Structures are given as C-alpha cells and as structure tokens.
Amino acid sequence: LPNGGGGVTFPCGRWLSKTNDDGAISRELGPMGAGGNSKLTRYKVVVTTSDVRGAGTDAQVFLELKGSGGTTGALHLDQSQASFERGQTDVFEVQTRDVGELQTL
C-alpha cells in the first residue's frame, strides 16, 4: 500500500456460487474509487445459435469487448446451463471494467 496507508476495497456485489445468481465462481473486480464507485460495468450479451444442421457447440466460448476506453481481455461465457444449442438464444451478463463506447465485439 502506498505510504503505508489504509486498505483498498474491491467491491463485488454479486454471488460467488455455482448455485446462486449466474453460477459464476470468479469475478473481475476493480478498486473502489474515491467517490465510492468501482469502475465496473455490467454488459448483457445475447447469443443466438443458428438453426442449421450441425449448429451448436459444447466448446468453451469467450468474447472480448473493445471500446473507446480500452479492452476487456478474454471473457468466458459461462455454460453452467445448456448453452449454444442449435436454434437457441442464450443471454449472459458479464461484469467487467468499463471500456467506454463499444466499438467491436
């Protein structure tokens, strides 16, 4: 800690549980700012898998958000439920650092 000062708080505000909330047991956390705000943003990601033969996957799926303020790095889309099945729409909520105005996914 700088100058032997107090601690740094990393608020979560979400469950770390496989059975509660979204089932995630890891979170990316940012330090709480001077005004009491952490610099984390929740993004809603909607993925629709095609309805053609062979569509769908059981593989691990990641995405990266790029914006005017930077990039998130690889974000895992949790598949604790049957996700990415043929003809299905899945909704994910990821909490990560604010990247500003979104430019690419």
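Reader: Is Arg-86 buried, partly exposed or exposed?

Author: This is a predicted model. Read the relative accessibility, then compare it with the cut-offs: buried is under 20%, exposed is over 50%, and partly exposed is in between. Arg-86 has 45% relative accessibility, so Arg-86 counts as partly exposed.

Reader: Which residue forms a salt bridge with Arg-86?

Author: Look for a side-chain nitrogen of Lys or Arg within 4 Å of a carboxyl oxygen of Asp or Glu. Arg-86 pairs with Asp-51, with the closest N and O atoms 3.2 Å apart. Arg-86 lies in the loop between β5 and β6, and Asp-51 in the loop between β1 and β2, so the pair ties together parts 35 residues apart in sequence. Asp-51 counts as exposed, at 53% relative accessibility.

Reader: How many salt bridges are there by this rule?

Author: The count is 3. One of them joins Glu-93 and Arg-42, at 3.8 Å from N to O. Glu-93 is in strand β6 and Arg-42 in strand β1, so this pair ties together parts that are 51 residues apart in sequence. Glu-93 is partly exposed at 38%, and Arg-42 is partly exposed at 46%. Glu-64 and Lys-66 also form a salt bridge, with their closest N and O atoms 3.8 Å apart.

Reader: What is the nearest side chain of opposite charge to Asp-90, and how far away is it?

Author: It is Lys-44, 13 Å away. Asp-90 is buried and has no salt bridge. Asp-90 sits in strand β6, residues 89-97.

Reader: Which backbone nitrogen lies 2.8 Å from a polar atom of the Asp-90 side chain?

Author: That of Phe-84. Phe-84 is also among the residues in contact with Asp-90, leaving aside neighbours within four places in sequence. Others include Val-46, Ala-82 and Ser-83.

Reader: What should I check in the backbone of Phe-84?

Author: Check phi. Most residues other than glycine have a negative phi. Phe-84 has a positive one, near 60°. Phe-84 lies in the loop between β5 and β6, and it is buried, with a relative accessible area of 5%.

Reader: Which residues form a nonpolar patch on the surface?

Author: Val-8, Phe-10 and Leu-29, with about 260 Å² of accessible area together. Phe-10 comes in the segment before β1. Phe-10 is partly exposed, at 44% relative accessibility.

Reader: How many helices and strands does the chain have?

Author: The chain has 0 helices and 7 strands. Buried residues make up 24% of its 105 residues. For contacts with a separation of 6 or more, 57% join residues 24 or more positions apart.

Note on methods. Residues are numbered from 1 along each chain as its sequence is written. This is a predicted model: local features need pLDDT of at least 70, side-chain atom pairs count only at pLDDT 80 or more; totals for chains, interfaces and linings use all residues. Side-chain values use heavy atoms; hydrogens and water are left out. Helices (H or I, at least four residues) and strands (E, at least two) are DSSP runs, numbered from the N terminus. Buried means under 20% relative accessible area, exposed over 50%, partly exposed in between (1.4 Å probe, protein chains only). Contact means heavy atoms within 4.5 Å. Patches are made of residues with over 30% relative accessible area and no salt bridge: like charges are joined within 9 Å, nonpolar side chains (Val, Leu, Ile, Met, Phe, Trp, Tyr) within 5 Å. Accessible areas come from the Shrake-Rupley method with a 1.4 Å probe; for residues, only the protein chains shown count as cover. Lys and Arg count as positive and Asp and Glu as negative; His and the chain ends are not counted. A polar contact is a pair of N or O atoms within 3.5 Å; within protein, one must be able to donate a hydrogen and the other to accept it, and residues adjacent in sequence count only if both atoms are side-chain atoms.
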